[in-house]
Amino acid sequence: MVVDDHKLFRRGLIALLAQEEGLEIVGEAADGVEALRRAAELQPDLILLDNHMPGVRGVDLLPDLREAAPQAQVLMLTVSEDEQDLTAALRGGAAGYLLKTMDGEDLANALRRAHEGESVVSPEMMSKLVSALRASALPAPVPQVAALAGVVVAPDVEAGLSPREGEILREIVQGASNKEIARRLGIAETTVKIHVQHILRKLGLNSRVQVAVWASERGIGQQP
């Protein structure tokens with residue numbers, strides 16, 4: 001489903017994506033109220049959401065939109081390259097942050113990746129995401145470690161993750177795809193997907209991007 005208040009852009013985007021194999025446009029909306037109604041009615045797998053619409057920002061609409069269509073992956077599609085918009089979107093549960101300047105083929109590929117559970121952030125925004133994390137633009141608590149009998153327990157273990165899940169968590173933080181993780185750890189890609197699902201459930205998060213943010217806040221997986 002496409003949510004954007006600019007009719008010309010919205011219709012052009014729909015026409016573009018309709019040509020892509022494996023993608024079907026099930027609906028559209030021009031404002032927040034219509035987006036919530038249509039999302040609840042259609043229950044789409046993916047929602048492309050503009051950030052700046054009359055009366056409401058897309059990032060502010062995220063919680064209600066995700067409640068209306070719990071299984072949907074919501075991706076911001078915006079002209080905003082603002083670091084605060086990026087971090088607010090990821091904090092709000094967006095599965096990705098894409099710029100309207102990307103070409104149609106890259107957008108279609110990003111949608112397919114999001115549907116597979118991968119995080120999708122436009123390359124132009126990745127440096128800003130890393131910068132925000134390093135500068136603590138996302139409020140970062142002191143890394144939580146617990147000492148038991150002289151053994152320091154890492155935050156990921158403390159969260160109830162298995163050693164293998166901890167390894168995969170660190171790979172996610174480095175931006176590795178499921179295929180790359182499988183190759184590096186010598187396990188099947190389907191096994192990686194199952195571990196990622198377990199990580200999301202144990203941490204109470206909704207996307208790989210949120211996992212990366214959670215881990216980065218705690219100093220997990222960062223390069224020395």
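Visitor: Which residue forms a salt bridge with R38?
Guide: R38 pairs with E41, and their closest N and O atoms are 3.3 Å apart. A salt bridge here is a side-chain nitrogen of Lys or Arg within 4 Å of a carboxyl oxygen of Asp or Glu. Before we go on, this is a predicted model: local features need pLDDT of at least 70, side-chain atom pairs count only at pLDDT 80 or more, and totals for chains, interfaces and linings use all residues. Residues are numbered from 1 along each chain as its sequence is written, and side-chain values use heavy atoms, with hydrogens and water left out.

Visitor: Thanks. Where do E41 and R38 lie?
Guide: Both are in helix α2 (residues 32-42), 3 residues apart, about one turn of the helix. Helices (H or I, at least four residues) and strands (E, at least two) are DSSP runs, numbered from the N terminus. E41 counts as partly exposed, at 48% relative accessibility. The scale is buried under 20% relative accessible area, exposed over 50%, and partly exposed in between, with a 1.4 Å probe and protein chains only.

Visitor: How many salt bridges does the structure hold?
Guide: The structure holds 13. One of them joins E28 and R10, with 2.6 Å between the closest N and O atoms. E28 lies in strand β2 (residues 28-29) and R10 in helix α1 (residues 7-18), so this pair ties together parts that are 18 residues apart in sequence.

Visitor: Is R10 buried or exposed?
Guide: R10 is buried, with a relative accessible area of 7%.

Visitor: What does R112 meet in a salt bridge?
Guide: The side chain of E20, at 3.3 Å from N to O. That pair links distant parts of the chain: R112 sits in helix α5 (residues 104-115) and E20 in the loop between α1 and β2, 92 residues apart. R112 is partly exposed at 30% relative accessibility, and E20 is partly exposed with a relative accessible area of 22%.

Visitor: OK, changing topic. In what order do the strands of the open sheet come?
Guide: The 6 strands follow the order β2-β1-β3-β6-β7-β8, and the pairing is parallel. The edge strands are β2 and β8 (120-121), each of which pairs on one side only. Two strands pair if DSSP finds at least two bridges between them.

Visitor: How many bridges join β1 to β2?
Guide: 2 bridges join β1 to β2, and V3 stands opposite A29 in β2. Strand β1 (residues 2-3) is also joined to β3 by 2 bridges, with V2 opposite L48 in β3. Between β3 and strand β6 (residues 73-78) there are 4 bridges, and I47 stands opposite V74 in β6.

Visitor: And which way do the side chains of β3 point?
Guide: L46 and L48 point one way from strand β3 (residues 46-49), while I47 and L49 point the other way, and all are buried.

Visitor: Where is S122 found?
Guide: S122 is in the loop between β8 and α6 (123-134). S122 is buried, at 2% relative accessibility. Leaving out residues up to four places away in sequence, S122 touches Y97, L98, L99 and M102, where contact means heavy atoms within 4.5 Å. A polar atom of the S122 side chain lies 2.9 Å from the backbone nitrogen of L99.

Visitor: What about V213, buried or exposed?
Guide: V213 is buried, with a relative accessible area of 8%. It is found in helix α11 (residues 208-217). V213 and L129 are 84 residues apart in sequence and 9.1 Å apart in space, C-alpha to C-alpha.

Visitor: Last one, for the whole chain: how many helices and strands are there?
Guide: The chain has 11 helices and 10 strands. Buried residues make up 46% of its 224 residues. Among contacts between residues at least 6 apart in sequence, 63% join residues at least 24 apart.

Technical notes
Polar contact = N/O pair within 3.5 Å; in protein donor to acceptor, adjacent residues only side chain to side chain.
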